[in-house]
Amino acid sequence: MARIPESFIQDLLNRVDIVDVVERYLPLKKAGQNYHACCPFHKEKTPSFTVSQSKQFYHCFGCGVHGSAISFVMEYEALPFPDAVRKLAESVGLTVPQEAGGAPDAPRAEPGVFDVLKAACDFYRQQLKTAPAAIAYLKGRGLDGKTAARYGLGYSPGGDDWQALKQVFADYDWNKLVAEAGLVIDKEDSKRRYDRFRDRVMFPIQNQRGSVIGFGGRVMGQGEPKYLNSPETPVFEKGRELYGLAQARGAIRDTNRVLVVEGYMDVVMLAQHGVEYAVATLGTACTPEHVKKLLKLADDVVFCFDGDRAGRKAAWRALENSLELVADGKKLTFLFLPAEHDPDSYVREFGREAFESRMVQDAVPLAQFLLRELSSQVELESEEGRARLIHLARPHLVKVRAPAYALMLKKRLAELCRLEMGELDLILGGESAAQNASVQPDYPPEGERPYYGRRDDDGDRWRGRGKGKWRDRDRPLAPLPRPKSRRDPLTQVLQLVLTEPALAVRAEPLWQDWPRDGRAGLLVELLQAARAHPQFERGSQLLELWRDELSYTELARALTQGAAEFERMAPEEREVEFAAVLAMAAQALSRPATLDRRAELEYRAAHGGLTEVEKQEYLALLASR
């Protein structure tokens with residue numbers, strides 16, 4: 001399937017000016033080197049939305065949105081990436097080329113499938129007007145006409161007519177698009193087809209652009225299944241889509257919150273009562289793709305489930321699929337309603353204020369829900385039970401990639417198990433101790449000027465930068481200067497290379513032997529990408545390579561933070577800083593294996609003793625600290 005070449009995307013970003021792009025949608029005011037405005041993605045009175053012309057990047061300090069010109073068009077117009085690229089390309093007179101291979105830019109459907117689905121949707125909506133039983137059912141559920149029209153509700157005829165869609169499609173019996181769209185079922189034995197949806201209230205499912213991609217049909221009385229959904233089609237994949245998202249996008253943006261429920265009627269009735277930021281999964285458990293999409297939409301994600309066994313099982317599936325994706329700064333909570341209520345019935349009986357109040361007060365944070373569910377399976381008052389809890393929690397802890405979130409989760413687990421953090425780290429294998437070990441490189445004596453630079457042609461002498469003086473090789477070099485900040489060196493390297501990608505091109509590739517997983521792996525990928533694209537002058541160009549990756553948000557945040565801290569440095573000073581923190585990062589990443597081995601030997605010394613060889617190894621490890 002054709003996709004847009006990466007080289008074209010970079011060329012497009014070089015040709016457009018983000019200030020011009022944003023000003024097509026909202027007025028900008030110059031403020032120093034940047035431009036400011038009230039954020040278009042959330043309500044605010046004081047402008048916190050900043051556009052940097054030098055970095056070709058925008059960031060809102062209020063709601064946290066950020067990105068390039070492509071990102072802005074995607075968010076503002078609710079367009080998928082390929083359409084946003086095409087829109088920007090048209091504005092500068094470019095034609096978007098295509099190249100073979102890679103992921104599809106759009107659903108793999110023949111022309112006409114969306115037209116077929118829209119025609120069926122229009123037919124169902126028209127049929128609702130002349131279906132007294134369906135109208136009575138919806139009124140009995142408390143639904144008003146305005147809400148029904150907003151969500152495009154309809155009715156699929158039943159009775160003796162098994163081919164009602166023949167009224168829409170004259171070539172019903174052989175039209176392959178009608179079958180491809182999931183509207184009919186073909187019987188292999190009789191070679192005949194009939195309508196998939198019969199005598200049901202119809203809920204059109206739309207993608208983010210508002211195009212109909214499928215349907216959900218609900219019976220009005222007794223019958224199974226209660227809800228019948230469209231099958232998987234070239235334009236519809238249940239594990240990726242969310243019902244009601246097209247209608248909820250504006251409210252989600254304004255509130256920075258998205259509520260995930262289980263039923264179509266839940267979404268519709270919540271919206272009718274003013275809770276307009278609700279969406280629903282489509283007859284399937286919440287998948288990682290759902291979670292990924294939800295976390296892009298808002299910082300506050302609330303999963304709302306019934307309080308029965310099935311509801312808790314669904315909540316647990318959502319939790320499992322969220323652990324690897326949750327990021328620091330994001331909030332995931334779980335709301336369980338009383339057994340006799342679902343969101344539809346609760347908001348109808350008690351109203352919006354009561355529902356939202358319950359959501360704020362009773363929603364359980366992800367970490368609390370995880371440990372509460374695991375703790376219910378053990379006896380916390382016994383040592384065996386607490387040991388069992390650690391055993392149960394371990395596979396979930398290793399999934400969490402957000403450093404601050406993982407640390408808080410471990411801290412809470414340690415409290416439950418009546419352990420110190422160091423003791424828990426030892427049990428879990430020492431990973432956390434290695435990650436959090438403070439790295440103290442050797443620095444020159446206080447008051448002495450550090451010496452560094454390049455070697456002459458024969459390698460005998462070194463020259464310091466900016467001074468033009470040569471130094472004999474047998475005189476030891478002082479280590480690199482102490483960086484101005486004492487924060488995590490991996491984070492600083494990340495921020496610096498996004499501030500000035502050329503730093504990685506000029507530096508010695510100390511990262512070649514670094515781990516290829518976790519944050520170190522992401523940093524290695526970024527450094528290698530910067531070296532592979534020496535033409536990139538801005539971090540926003542580098543960032544676009546991660547457009548569809550889970551780490552895009554983390555990198556975008558690092559770009560914003562790095563620009564604020566390092567952009568004002570002189571180029572020479574920034575290069576010195578980069579060399580220093582790169583060396584510190586290399587030192588930090590060399591320590592975990594040593595720490596793990598030392599912890600292992602300490603544990604064995606306390607539980608049976610060490611051999612003479614192991615004792616010598618342990619002493620050597622202590623000496624290397």
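Strand 4 and strand 5 (residues 66-67) pair in the antiparallel sense over 2 bridges. The model on display is a predicted one. Within this pairing, select tyrosine 58, whose bridge partner in strand 5 is glycine 67. The hairpin of strand 4 and strand 5 has 5 residues between the strands, and glycine 64 takes a positive phi near 90° there.

Next, select strand 3 (residues 49-52), which runs antiparallel to strand 4 and is joined to strand 4 by 4 bridges. Strand 3 and strand 4 form a hairpin with 4 residues between them. In that turn, glutamine 56 has a positive phi of about 50°.

Remain on strand 4 (residues 57-60) and display the side chains. In a regular strand, side chains alternate between the two faces of the sheet. Phe57 and His59 lie on one side of strand 4, Tyr58 and Cys60 on the other.

Now move to helix 3 (residues 69-77) and helix 4 (residues 81-91). They pack at an angle of about 115°, with their axes 9 Å apart. The two helices are therefore roughly perpendicular to each other, and their crossing is right-handed. To display the contact, select Ala69, Ile70, Val73, Met74 and Glu77 of helix 3 together with Phe81, Ala84, Val85, Lys87 and Leu88 of helix 4. By residue class, this contact comprises 8 nonpolar, no polar and 2 charged residues.

The last stop is an open sheet of 5 strands in the order 13-12-14-15-16, with mixed pairing. Its edge strands, strand 13 (278-280) and strand 16 (364-365), each pair on one side only. Select strand 12 (residues 257-261) alongside strand 13: the two pair in the parallel sense over 3 bridges. Leucine 259 stands opposite alanine 278 of strand 13.

Helix 9 (residues 245-255) lies across strand 12 and strand 13, and runs at about 140° to strand 13. Helix 13 (residues 343-362) packs on the sheet and touches strand 12, strand 14 (300-306), strand 15 (331-337) and strand 16. The direction of helix 13 makes about 140° with that of strand 15.

How values were computed:
Residues are numbered from 1 along each chain as its sequence is written. This is a predicted model: local features need pLDDT of at least 70, side-chain atom pairs count only at pLDDT 80 or more; totals for chains, interfaces and linings use all residues. Side-chain values use heavy atoms; hydrogens and water are left out. Axes are lines fitted to C-alpha atoms, for helices over the stretch in contact, and angles run from 0 to 180 degrees between N-to-C directions. Angles under 35 degrees count as roughly parallel, over 145 as roughly antiparallel, 65 to 115 as roughly perpendicular and the rest as oblique. A crossing is left-handed if the near helix is turned anticlockwise from the far one by less than a right angle, and right-handed if clockwise. Contact means heavy atoms within 4.5 Å. Ala, Val, Leu, Ile, Met, Phe, Trp, Tyr, Cys and Pro count as nonpolar, Asp, Glu, Lys and Arg as charged, and the others, Gly among them, as polar. Two strands pair if DSSP finds at least two bridges between them. Buried means under 20% relative accessible area, exposed over 50%, partly exposed in between (1.4 Å probe, protein chains only).
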